[in-house]
Amino acid sequence: MRMMKQIYLKRGKEESLLRFHPWVFSGAIQQADNGIEEGELVRVLTSQGDFIAIGHYQIGSIAVRVLSFQDVPIDEDFWQSRLASALKMRQSIGIADNPDNNTYRLVHGEGDLLPGLVIDVYGKTAVMQAHSVGMHVCRMDIASQLKAVMGSRLENVYYKSETTLPFKADLGQENGFIYGGSEDNIAIENGLKFYVDWLRGQKTGFFVDQRENRSLLERFAKDKRVLNMFCYTGGFSFYAMRGGAQLVHSVDSSAKAIELTNRNVELNFPGDSRHQAFCEDAFKYLEEAGDQYDLIILDPPAFAKHRGALHNALKGYTRLNNKAFQKIQPGGILFTFSCSQVVTKDNFRNAVFTAAAQAGRNVRILHQLHQPADHPINIYHPEGEYLKGLVLYVE
C-alpha cells in the first residue's frame, strides 16, 4: 500500500487544529513531502512530528481540508460512517423521511465533517457537488456509500461540479449521472411542488437553504402585493401565493429563471392570474417600479465571493435596500438577505440600517433569519454561517 505523504506545520501553528478548526492554511506549513498532488490525502504533523490531522491537500490559501483528527483510514467505512451520521441528524429533526417534504440538504461540507462536499436530496435523486479536488477524486466511493446508506430512498445520483471545482485543477469535469438517470425532476417542499434544474441550474438546482424563510413569508403574505426580486425559480413566489397574496410579481435578470418560475407557479397554481414574471435587471426594475408593493423580498446572489470584494458588496446591499425602502408602502414588510460568507451579520445589518436612514423610513426588526438546520454549522468552524436575513416592518 502506498505510504501517505506528510505535511509538517510551523511551530505553534497547530493551535487552531487543536481547537478542531478543519482548515490548514498554506502559511502554516513548514515543509511537505515532495510530489504531493492536488486532491491527495495527507497526514498533518506538528513541528515535533506528532500526528494532528488527516485531510485532502489542495493548492491555494486553504492547503488542507481536514477529514479526521484521528489517524484512521479514509476508506469505505469512513465515508459510510460520516454519511450515516448526516442522515441520522436529518431524521432526528424531522427533515428526512418526511412525506410532505422530500427536499433537503444531506451533507453540508464542514457542518457535517465532510469539507468540500455538498449533497442535496430531491425526492429519489441526490445531487452531489464537490468543492475540492479531493472530494472529486473520491466521488465514486462517496456515491457508492451514499447508495448504501440511503437504501431504497435513493435511485439516482447526479454529479454537478463543473462550476465548483478549482478551475486551475483542469479536471475536465462534466456534470452527469453517476447512478440512475431519472427524468423525474419534480420535488416537494412543504407540500409545494417545483421543478429542479440540476443540469443547468444554480447551486444543485434549487436554493434549499431558504425553506424555513419561505414558510415564514407565507404567514405574512395574506392580501399583500408581493415583489420577489432575484426570484430564481420562484420559491418565495409560490409560498406567497399559497399564503393568500393579492398579487405576486417575480423578477430576475435570467430568462431561464423566469421560465422556471412560471413553470413552478403553474405546477402549483394552474391558471392563477395573480402572478406575473419579468425578466429585468433588479436595480432597473426597482428604479422604475411604483409604490404598489407592501411585501418585498430581496434575495440576491452573493455580492462578495472573497474578502477583497467586501467593501463594494456592502455598498451594493445598501443601494439595493435603499431602493426597496423608497418604494415599499407604509406598513410594508421587507425580507432582505445576504448569502455572502465574508459578510458578517453586523456588516449586513449596518448596510441595511444605512439604507433605512438614507431613505428616511422608520424600520423595526421583526425577525433575524439564518440558514436552516439541514445546513448545520460546525461549532469549531464559524465560517460556515453564511446566510443571514432580516424581516423588517417599514413605516
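**Exercise 1. Describe how helix α5 passes helix α6.**

Start with the handedness: α5 and α6 form a right-handed crossing, the near helix being turned clockwise from the far one by less than a right angle. Next comes the geometry: the axes of α5 (residues 211-220) and α6 (residues 235-242) come within 8 Å and cross at roughly 35°. Those axes are lines fitted to C-alpha atoms over the stretch in contact, with angles from 0 to 180 degrees between N-to-C directions.

A note on the source: this is a predicted model, where local features need pLDDT of at least 70, side-chain atom pairs count only at pLDDT 80 or more, and totals for chains, interfaces and linings use all residues. Residues are numbered from 1 along each chain as its sequence is written, and side-chain values use heavy atoms, leaving out hydrogens and water.

**Exercise 2. Find the residues that bring α5 and α6 into contact (heavy atoms within 4.5 Å).**

On the α5 side, look for R211, N213, R214, S215, L217 and E218. Their partners in α6 are G235, F236, Y239, A240 and R242. Sorted by type, the residues of this contact give 4 nonpolar, 3 polar and 4 charged, with Gly counted as polar and Tyr as nonpolar.

**Exercise 3. Characterise the chain as a whole.**

First, count elements: DSSP runs give 10 helices (H or I, at least four residues) and 20 strands (E, at least two). Then check the extent: the C-alpha trace spans about 70 × 45 × 35 Å along its principal axes. Finally, consider burial: 54% of the 395 residues are buried, meaning under 20% relative accessible area with a 1.4 Å probe.

Technical notes:
Buried means under 20% relative accessible area, exposed over 50%, partly exposed in between (1.4 Å probe, protein chains only).
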